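Welcome! Here is a short tour of a structure that may be new to you. Have a look at the chain first, and then read on.

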Amino acid sequence: MAKLTVLFIAAQVLGLVVAVNFIGSIQTGEMERTGVITENPEDVENAIGLFVYILVFTGVLLLALHFFKGEWLFRLLEIIVVFTTSLIVFFVFFPSVAFMLAVLLVITRQLLPTHIWLRNLSSVISVAAVGSMIGISLGVFPTLLFMVLLSVYDFIAVFKTKHMVTLAKGITKKNLAFTFAIPSKELKHQFELGTGDMVIPLTFAVSVMSAAALAGIPFPNYILPAGLILIGSLVGLLWTIDYSSKHVGKALPALPPQTVLMLAMWLVGKAIGF
């Protein structure tokens, strides 16, 4: 639980810092804020389109796991994801050497494929980049719709069709940076957590934070509602992990309880003026 909390905080804080940089660029006119599907971030088509994209991508991954028994295709996908996301993050902090650092991370990851914390570092960076990028591109209402759709889908995919369980088992066996690896103290067991359970909270937090900033709330005040949302998300995630650890073998989707608590904390933020 402690290791999971550290990873969660690292990914979220890094993502918020990247998002603050994006917000500053938007406010100065250096960057234009557009949606992920349409040009208007407040358009609900962005949420629906992104949800459909995830469904299609999940289907492609399931087919790939079934027909491609080797590692090369998934390694190539990981290289693309880690390189592009790390390039985004490194450019915020080290713009002059961002490309070299991204290449170095990819090469090191391939040379040391069994290094758990290097894999987790790659996952943290990926979460920070994806969550901040999507969050800055979606309005609050489209993000809420997106979260609810994903929560319903998560519930169905785990309890009804169970294809999410199949996907999770297939991905974790390949030691890819699409999940976080958290070993026990005795190193007898390794817990795996999908990066989506951290990307979605960051997306909502950044969306709310950017809305507050663009509405005129000054820095660092506009970070407060994002912090409340992430606290709710962490509590929901830890509850899910605690439940799963006490019911070994029973899969439980983390996103539904996270979503409920994030919405509750968002309403608390609205009640106090955000």
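The chain's secondary structure comes to ten helices and two strands, where helices (H or I, at least four residues) and strands (E, at least two) are DSSP runs numbered from the N terminus. This is a predicted model, in which local features need pLDDT of at least 70 and side-chain atom pairs count only at pLDDT 80 or more, while totals for chains, interfaces and linings use all residues. Residues are numbered from 1 along each chain as its sequence is written, and side-chain values use heavy atoms, with hydrogens and water left out.

**Overall shape**
- Along the sequence, the pattern reads α-α-α-α-α-α-α-β-β-α-α-α.
- Of the 274 residues, 46% count as buried (under 20% relative accessible area, with exposed over 50% and partly exposed in between, using a 1.4 Å probe and protein chains only).

**Aromatic pairs**
- The count comes to seven aromatic pairs: rings of Phe, Tyr and Trp (its six-membered ring) pair if their centres lie within 6.5 Å, and planes under 30 degrees apart count as stacked, over 60 as edge-to-face and the rest as tilted.
- Phe51 and Tyr153 have ring centres 6.1 Å apart and planes at 85°, so this pair is edge-to-face.
- That pair links distant parts of the chain, with Phe51 in helix H2 (residues 45-67) and Tyr153 in helix H6 (residues 140-160), 102 residues apart.
- Both Phe51 and Tyr153 are buried.
- Tyr53 and Phe57 make a stacked pair, because their ring centres are 6.3 Å apart and their planes lie at 15°.
- Tyr53 and Phe57 are four residues apart in helix H2, so about one helical turn separates them.
- Tyr53 counts as exposed at 52% relative accessibility, whereas Phe57 is partly exposed at 34%.

- The peptide bond from Phe219 to Pro220 is cis, with omega near 5°.
- Most peptide bonds are trans.
- Pro220 sits in the loop between helix H8 (196-214) and H9.
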